[in-house]
Amino acid sequence: MLVESHLPTIDEVMVEAARAKALRRAVEERVTAQAERPFRDRVDDGLRYSTVFQREYVESDVPVSFVDEAGLNERGEQVLAILDDAWRHGIEVETFHEREIEALNRRLQQMDPPVPVDNGFRPNVDEVEALVSLVAEEVDSRGEERSWELIVDAVSTVDASETEFPELERFYDYNRREAKHYRDRARLIAELELWIADAALRYARKMRHSNLKRVDWSTIRQAGGTAEVIWGRMQKTLRDLSNAATDDVAGVLRDLEPSHPQYRALFEATDRYREFVERGGWSRVRPFDLEKGDASDRVEALRDRLDAEGYSARPDEPQQDFDSRVADESLMEAVRAYQKTHQFEPDGEPTPGFWRSLNTSAQDRLEQMELTLKRWRESHIEDDEHFIMVNIPDFHAEVWMEGERVMRFPVVVGRNQRRCDRQKNRWVYPDATPVLM
């Protein structure tokens, strides 16, 4: 009954089976060719994770997920949308195969729609009986919930069952001819699929999977080494991308970000500072003693500098007697807001540290923020519900439980004064706060 229910659309079954087989063969050929290249070469311009692809696409039959016959599908576009934002995380995007993906996708889009070699295939009674026997083997082992895929899989294996089911010779011949007819397109699809998958896994590695700081030595030994640990993570990500609903694909990659809310907050703040850099940043301000009521060009320069970084240093309501050269309450409030944000005492009295911070260029500040994003990704922090975070510039520690700060208390931190170690002939920071977890 299962086979007979599909007989009216047997043409579609035959075409899909032959093309699926051609695509699997094309993927295997591409993966094998890349695996034979030296690893260092593949890191530069090839499929870095061909080992993962061998295990998942070839040995475990993970389906082609990101590409259709006409090019990128919605799933693939979602993956590329996340990769296009990688630079916002401070991640270099040169290794994400952008040129290759764009060129292959264009070639697929420009190809004429594929036409089957034969639209009039109709099996006879003997062939139907043989097909029933072949499909029964699949039903016994897999059930018949996804009957269409089951029929397609059975038909695509008839060449391997040729001696057992000689009645299916015409099926085998059709498979061979359609697969040959589809071969060039299958190779393009396979190559594009693997470039996208490799780019996604490179992103996953930079975002999370290369961080082994929370993995103990026994886990690494049991897995067979650090490479196996990373490959195992990559295999899971590839399966998650393949199995996720189309709308959830982007979420699989976003879930690789550090879960602490400060990471996402810092990530969004970097966009503001990129805008500052694009607008030309801000000018330096010569330090001076600031008191309310003072009037000078330096007061006006300070006001402009604070405005440039988003600290409003002007009255909320227009004032007829407003003079930008005079230090009024709006300027003093902006100074206190800057001090609070940058973790100085918010008393409105600029210190040498305040001026050093204020005169840090927008470009340098952006680079510091991008470096901090990288440090978050490389830290020991994962999905911990309870932790103590030491805020060194603020001289405080905070106790966090279940996403809420429940305690805050002062701590003593180190100093960044350097000294010359004459025995080693280099500068050292003997009193610096150590990196700790």
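Predicted model: local features only at pLDDT ≥ 70, side-chain atom pairs only at ≥ 80, totals over all residues.
How many residues lie between E4 and E5 in their hairpin, and which residue in the turn has a positive phi? E4 and E5 are separated by 2 residues, and the residue with the positive phi is glutamate 402, at about 50 degrees.

In general, the strands of a sheet pair through backbone hydrogen bonds, and the pairing is either parallel or antiparallel.

The pairing can be followed strand by strand. E3 covers residues 386-391 and E4 covers residues 396-401; these antiparallel strands are joined by 6 bridges. Within this pairing, methionine 389 has glutamate 398 of E4 as its bridge partner, while valine 390 is partnered by alanine 397. On the E5 side, 6 bridges join E4 to E5, which spans residues 404-410 and runs antiparallel to E4. Here histidine 396 finds its bridge partner in proline 410 of E5.

E3 and E4 also form a hairpin, with 4 residues between the strands. Phenylalanine 395 is found in this loop between E3 and E4. Its phi is positive, about 55 degrees, although the residue is not a glycine. With a relative accessible area of 46%, phenylalanine 395 is partly exposed.

Histidine 97 sits in the loop between helix H5 (74-84) and H6. Is histidine 97 buried or exposed? At 5% relative accessibility, histidine 97 counts as buried, since buried means under 20%.

Helix H6 (98-110) is followed into a further loop, the one between H6 and helix H7 (125-142), where proline 114 is found. Proline 114 has a relative accessibility of 24% and therefore counts as partly exposed. Which residues does proline 114 contact, once its neighbours within four places in sequence are left aside? The contacts are with Arg19, Glu69, Tyr182 and Arg185. Glutamate 12 lies 102 residues from proline 114 along the chain, and the C-alpha atoms of these two residues are separated by 13 Å.

The final feature concerns empty space. Rolling a probe the size of a water molecule over the atoms shows where such space is left. The largest pocket has a volume of about 2,900 Å³. Its lining is made up of 47 residues, and those nearest the centre of the pocket are Gln343, Thr372, Asn391, Ile392 and Pro393. Two or more lining residues come from each of helix H13 (261-278), helix H15 (329-341), helix H17 (362-377) and E3. Sorted by class, the lining has 23 nonpolar, 15 polar and 9 charged residues.

Conventions
Residues numbered from 1 in each chain as written. Heavy atoms only, no water. Pairing = 2+ DSSP bridges. Buried < 20%, exposed > 50% of the residue type's maximum accessible area, 1.4 Å probe, protein only. Contact = heavy atoms within 4.5 Å. 1 Å grid on protein atoms, 1.4 Å probe; cavity = no way out; pocket = protein on both sides within 12 Å on 5 of 7 lines; lining within 4 Å. Points joined across faces, edges and corners; volume = space filled by probe spheres on them. Nonpolar A, V, L, I, M, F, W, Y, C, P; charged D, E, K, R; others polar.
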